[in-house]
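Please read the following with the sequence and the model open side by side. Each paragraph takes up one part of the chain or one kind of contact.

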Amino acid sequence: MNINGVTQQPRIAESSVRKPIAWHVTHWRDDPFSLGAYSTLLPGGTPAHRQALGKCLGDRLVLAGEACNPKAPAMTHGAWDDGLRAAELAVAARATRVIVVGAGCAGLAAAQRLKAAGIECVVLEARDRIGGRTHSINLGDAKVDVGAAWLQQFNDNALGELARLRGIPMVETDFSRPLAAARDGQVPDIDAAWAALLDGIDRSLPLAEGVERYTADLNAGQARATRFAIDANLILEACLPLSQLSVDALDEEGVGNGDRFLPNGYGQLVALLAADLDIRLNQPVSHIDWSGERIRIGAEEADFCICSVPLGVLKTLRFTPALPAAHREALAHLAMGRLEKVVLQFAERWWPRSESGYLRWYDTPATWGEWLDLTDAVGTPTVAGLIAADAVDREFDGRTDEQIVTAACEALQAWATALGQAPGTP
């Protein structure tokens with residue numbers, strides 16, 4: 001089919017879509033203990049709001065996690081580093097007993113630092129497992145991550161250094177060399193379009209308005225390239241639609257060359273982080289009372305609290321007294337992005353090989369845009385696909401997991417078809 005001079009690849013009939021032998025679909029946006037994937041900046045939001053959110057209150061309460069880290073937001077090592085920051089505040093306050101809320105990377109970091117300082121610490125975790133938004137599962141014979149998967153910004157990643165020292169296997173992913181295809185024709189120069197957008201957009205305007213004005217002066221090909229660049233480099237990173245993002249989201253660093261993923265799962269690293277800590281599972285927290293000299297959370301008391309729950313959950317907590325205005329303003333400028341994952345395992349590897357293991361799929365509107373071929377790393381034909389922002393709503397709402405998996409398989413198969421290497425029908 002040809003539309004406006006561009007060859008359109010037809011949709012693949014559901015009956016012809018290959019079916020996996022095993023699969024997993026995430027639902028982080030609906031998970032009551034995360035309510036989204038990770039934090040992002042809303043319109044008007046800046047890194048200063050992240051820093052303000054982490055300010056210590058009364059030498060006895062501090063919020064911590066990736067949302068409070070202006071240097072590495074949305075990253076597991078950003079959460080770890082911020083947990084260490086929070087613990088140092090407790091040490092400086094001469095705390096003798098600390099309650100840490102949440103056993104994700106930030107909470108575990110805080111607890112380990114406090115333990116090293118000889119400070120009594122208890123970790124209250126709402127789930128029946130540790131790790132928070134890191135979660136390794138068994139899929140067939142493979143161990144796969146259905147939450148965080150990469151050790152990013154690797155040269156400045158404390159968790160990456162720990163993994164290296166402990167001999168945990170890691171595989172480098174070069175995000176600059178994806179095997180890419182588009183449903184509506186050739187893939188344009190995405191990198192050039194992104195660089196031009198960053199250079200040419202009017203940052204004094206709200207992001208969506210700035211993009212609209214910038215693209216108004218482009219020809220059809222340039223506008224298409226810019227749209228794809230935004231989908232790949234912004235929406236899949238910040239995980240909200242343009243209308244819900246700050247201009248500063250353009251500058252919050254995401255994936256980069258040298259990032260590693262863990263073939264045997266993040267769980268092995270998380271187990272190291274949690275070693276010898278007093279962690280109480282199945283202990284959801286809804287109210288933190290810091291009105292007196294002692295912090296009270298349910299039956300627990302302490303002279304300091306580090307609250308490391310995800311931003312989505314943080315917004316649901318009740319604090320007595322209420323958080324100060326600066327913290328409330330910071331919360332109003334931050335939100336949880338929507339990012340979901342599907343992991344698909346097949347009897348055979350039918351898709352084209354990517355030298356980097358990294359795949360990109362450009363569709364309009366966007367669907368499953370980012371894929372990682374795990375086959376060589378886990379030893380069985382397995383791929384993980386990511387979908388973000390309003391594409392999650394389009395692909396998930398009103399569908400069963402089986403229907404979501406079918407749609408994801410169609411996207412993967414369409415990618416292979418667009419590359420001219422279509423698999424045979426099942």
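Asp-376 is exposed, with a relative accessible area of 58%; buried means under 20% relative accessible area, exposed over 50%, and partly exposed in between, for a 1.4 Å probe and protein chains only. The side chain of Asp-376 meets that of Arg-349 in a salt bridge of 3.0 Å, N to O. This pair links distant parts of the chain, 27 residues apart: Arg-349 is in the loop between β21 and β22 (358-362), and Asp-376 is in helix α11 (residues 375-378). Arg-349 counts as partly exposed, at 21% relative accessibility. A salt bridge here is a side-chain nitrogen of Lys or Arg within 4 Å of a carboxyl oxygen of Asp or Glu. Helices (H or I, at least four residues) and strands (E, at least two) are DSSP runs, numbered from the N terminus.

The model is predicted: local features need pLDDT of at least 70, side-chain atom pairs count only at pLDDT 80 or more, and totals for chains, interfaces and linings use all residues. Residues are numbered from 1 along each chain as its sequence is written, and side-chain values use heavy atoms, with hydrogens and water left out.

How many salt bridges does a search of the whole structure find? The search finds 31. In general, side chains of opposite charge can pair when their charged atoms come close. One of the salt bridges joins the side chains of Glu-172 and Arg-260, at 3.9 Å from N to O. Glu-172 lies in strand β11 (residues 171-173) and Arg-260 in strand β13 (residues 259-261), so the pair links distant parts of the chain, 88 residues apart. Glu-172 is partly exposed, with a relative accessible area of 46%. Another salt bridge is formed by Glu-301 and Arg-296, whose closest N and O atoms are 3.3 Å apart. Glu-301 counts as partly exposed at 34% relative accessibility, and Arg-296 counts as partly exposed at 37%. Salt bridges also link Arg-29, Asp-30, Arg-338, Asp-393 and Asp-397 in a network.

Next comes a strand. Strand β24 (residues 382-388) is mostly covered, with 7 of its 7 residues buried. In a regular strand the side chains alternate between the two faces of the sheet. Which residues of β24 are buried on one side, and which on the other? Thr-382, Ala-384, Leu-386 and Ala-388 are buried on one side, and Val-383, Gly-385 and Ile-387 on the other. Strand β24 pairs with strand β21 (residues 339-345) in the antiparallel sense over 7 bridges; two strands pair if DSSP finds at least two bridges between them. In this pairing, Leu-344 stands opposite Val-383. Strand β23 (residues 370-373) also runs antiparallel to β24, joined to it by 4 bridges. The bridge partner of Leu-372 in β24 is Ala-384.

Now turn to a helix. In helix α4 (residues 158-165), the residues Leu-159, Gly-160 and Ala-163 are buried. Seen down the axis of α4, the buried residues fall within an arc of 100°, so they line one face of the helix; the arc is that of the directions from the helix axis to the C-beta atoms. These buried residues pack against α2 (76-92), α3 (105-116), β10 (150-151) and α8 (267-273), where contact means heavy atoms within 4.5 Å. Just after α4, Gly-167 takes a positive phi of about 75°.

Helix α2 also holds Val-91, which counts as partly exposed at 28% relative accessibility. Not counting residues up to four places away in sequence, Val-91 touches Arg-113, Leu-114, Ala-117 and Ile-119.

The last topic is aromatic rings. A pair of aromatic rings is described by the distance of the centres and the angle of the planes. Rings of Phe, Tyr and Trp (its six-membered ring) pair if their centres lie within 6.5 Å; planes under 30 degrees apart count as stacked, over 60 as edge-to-face and the rest as tilted. By this rule the count comes to 8 aromatic pairs. Among them, Trp-150 and Phe-175 are edge-to-face, at 5.0 Å centre to centre and 65° between the planes. Trp-150 is in strand β10 and Phe-175 in the loop between β11 and β12 (179-182), 25 residues apart. Trp-150 is buried, with a relative accessible area of 11%, and Phe-175 counts as buried at 10%. Trp-150, Phe-175 and Tyr-358 form one aromatic cluster.
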